[in-house]
Amino acid sequence: MESLLRYLDWTSVGLALLGGLLCLVLLEIFRLNSSRSRNPPGPKPLPFVGNMPQMINDPKGLIRSMPKYGEISSVYLGRDIVLVLNNLPTIKEAFIQNGNVYAGRSSFAILEWVTNGYGILMAEYGNSWRQQRRFALHTLRNFGLGKKTLEERVAEEARFLIKELLKHEGKPFYPIHPIMNAVSNIICSIVFGDRYEYDDKRFAQLLKLINENIQLAGSTVGRIFNMVPFIKHFPGPHQKVWQNANSLKNFIHEAVEEHRKTLDPNNLRDFIDAYIVEMSKQQSNEDSTFHEDNMIMSTSDLFLAGTDTTAATLRWGLIYMMDHPDVQERCHKEIVQVLGFDRSPSMEDRAKLPYTHATIHEIQRCADLVPVVMHQTTQATQLRGYHLPKGTKVMPNITAILADKNHWKHPDTFNPENFLDEKGQLSKSDHFLPFSLGPRVCAGETLAKAELFIFFTSLIQRLKFSWPPGAPRPNMNGIVGLVRSPFPYNTVCHSRDTTH
Ligand code: HEM
Ligand SMILES: *[C@@H]1O[C@H](CO)[C@@H](O)[C@H](O)[C@H]1NC(C)=O
């Protein structure tokens, strides 16, 4: 009798499980088919995992297959559909004309895990995001932007960078650390009121952590985490992301404590001072979002968003200059004609340096630094005949705009003529979208443009870059994490004073 019961139990349990599973799969297939019939076309997804297997096994094949699906396409990240907008009119209709509807940040589990949704970058659309973003923009402006001092700070840092690079004069070397250190020092000046020497070991370690996190979070590690976030309770490479983020938070926390001890409310030195004062000003305000967690995360966001982006763009810039020595020479000649060998550039010089300015635009166009920008709708809406429920993930395909065959004179090659008119003057283009667009447009756009112009112009004014003889060319696809950064490469630089 007992054994019969056991027997019955096992078969019925087994059958029930199997039946349940079958039902789940059938339901999922049904859900997918109905979702696909209502949504824009795209590659065929599998139940539960969507297009993730293709993305992991054959990302290039998937990417190549996408353009055939037209102005709006779709991919499934796990069970969630993502709508991809592939041309400028559609992107503008969404992100400009209905900006607020598309200004949600799509949750990205691995970053949500480490940020808790605090700060700016990963904050959901709402009061906290609005206050933190406005405060950061305002403070970035007050501690330099628009005033002369920040431009001078960048120019000074550029001189330090050139000195550092010249330590390797004539010998092949990998310039990642000095460039990251220089770029990060600009954020440090604004946030901490101080810069770090290029041989500061602790700061070098911090920069490495930031770089590593940007790569890990955007890699397969981040994508898998997004599908099965409960792995946060288990060991694995994602724990590295957590540790790195914590090191950065601790670094900022220590700086905050240091600032508290020496704060003079009548003489604010930097972003952290300004934040501490804002926090106490808003203490009695119940809706205030100025608290410790947001302070640490907003600061961390400025670092994360403001270091690797600009630094990787400059590293792409050196690659394009080494690949196109004629362009490098022409920039150098133009710069020396206007500035001589010694005067540092300022933003006012842009108008007098149209070829150099166009070259920087072209570097940003070809670098296509942030190919994946994920938003979600903040309310239900309609777009080109499709119904988008609240919370639908939407991505402007920035790559498609930066390489639009119908718009650019030379879409597939590096050529500053893309940004020059017949008179040799800079021609602006609304297809130039490296900073994205709409209410969530890069909060550091003005700063980044100043950094790129002053660093690049200073470097090309004083140095000449070339590939080491016989060096293999790096794979130009780059390493795609949250940003697309170049593979490691060596460069050789020479001082212009001796070569010319
Ligand atoms: C070449 C350099 C840079 C590029 C290409 C770049 C690009 C971008 C892009 C594409 C976004 C996403 C916008 C969106 O969601 O639609 C973004 C967001 C952001 N960037 Fe930048 N960025 C650069 C430099 C900087 C710098 C220097 C800072 C620091 C001050 C910064 C701070 C931010 C912040 C805080 C956000 C989040 C904005 C929000 O969610 O409201 N970025 N950036
Ligand atoms: C974005 O556009 C590019 C160029 O047309 C295309 O190769 C790529 O697959 C698109 N990305 C997505 C996610 O659809």
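Where does Cys442 lie? Cys442 sits in the loop between α16 (398-402) and α17. Helices (H or I, at least four residues) and strands (E, at least two) are DSSP runs, numbered from the N terminus.

The model is predicted: local features need pLDDT of at least 70, side-chain atom pairs count only at pLDDT 80 or more, and totals for chains, interfaces and linings use all residues. Residues are numbered from 1 along each chain as its sequence is written, while chains are lettered from A and ligands numbered from 1 in the order in which they are written. Here pLDDT is the predictor's confidence in each residue, from 0 to 100. The protein chain averages a pLDDT of 91, and 97% of the residues score at least 70. Where pLDDT is low, predicted coordinates should not be read in detail.

Cys442 carries the UniProt feature "binding site", from an unreviewed entry. Such annotations may be inferred rather than shown by experiment; the positions follow the numbering used here, and feature names are shortened. Cys442 is partly exposed, because 19 other C-beta atoms lie within 10 Å. The cut-offs are 20 or more such atoms for buried, 12 or fewer for exposed, and in between for partly exposed, with C-beta atoms placed from the backbone. Leaving aside neighbours within four places in sequence, Cys442 is in contact (C-beta atoms within 7 Å) with Phe435, Ser436 and Ala448.

A residue counts as near if its C-beta atom, placed from the backbone, lies within 6 Å.

Ligand 2 has its own shell. The residues around ligand 2 include Ile63, Met66, Asn86 and Asn397. Strand β1 (72-77) and helix α16 each supply at least two residues. The shell of ligand 2 has 7 nonpolar, 4 polar and no charged residues. Ala, Val, Leu, Ile, Met, Phe, Trp, Tyr, Cys and Pro count as nonpolar, Asp, Glu, Lys and Arg as charged, and the others, Gly among them, as polar.

Helix α6 has buried residues, including Trp129, Phe135 and Leu140. What covers the buried residues of α6 includes α8 (176-191), α12 (271-281), α13 and α17.

Terms used
Two residues are in contact if their C-beta atoms, placed from the backbone, lie within 7 Å.
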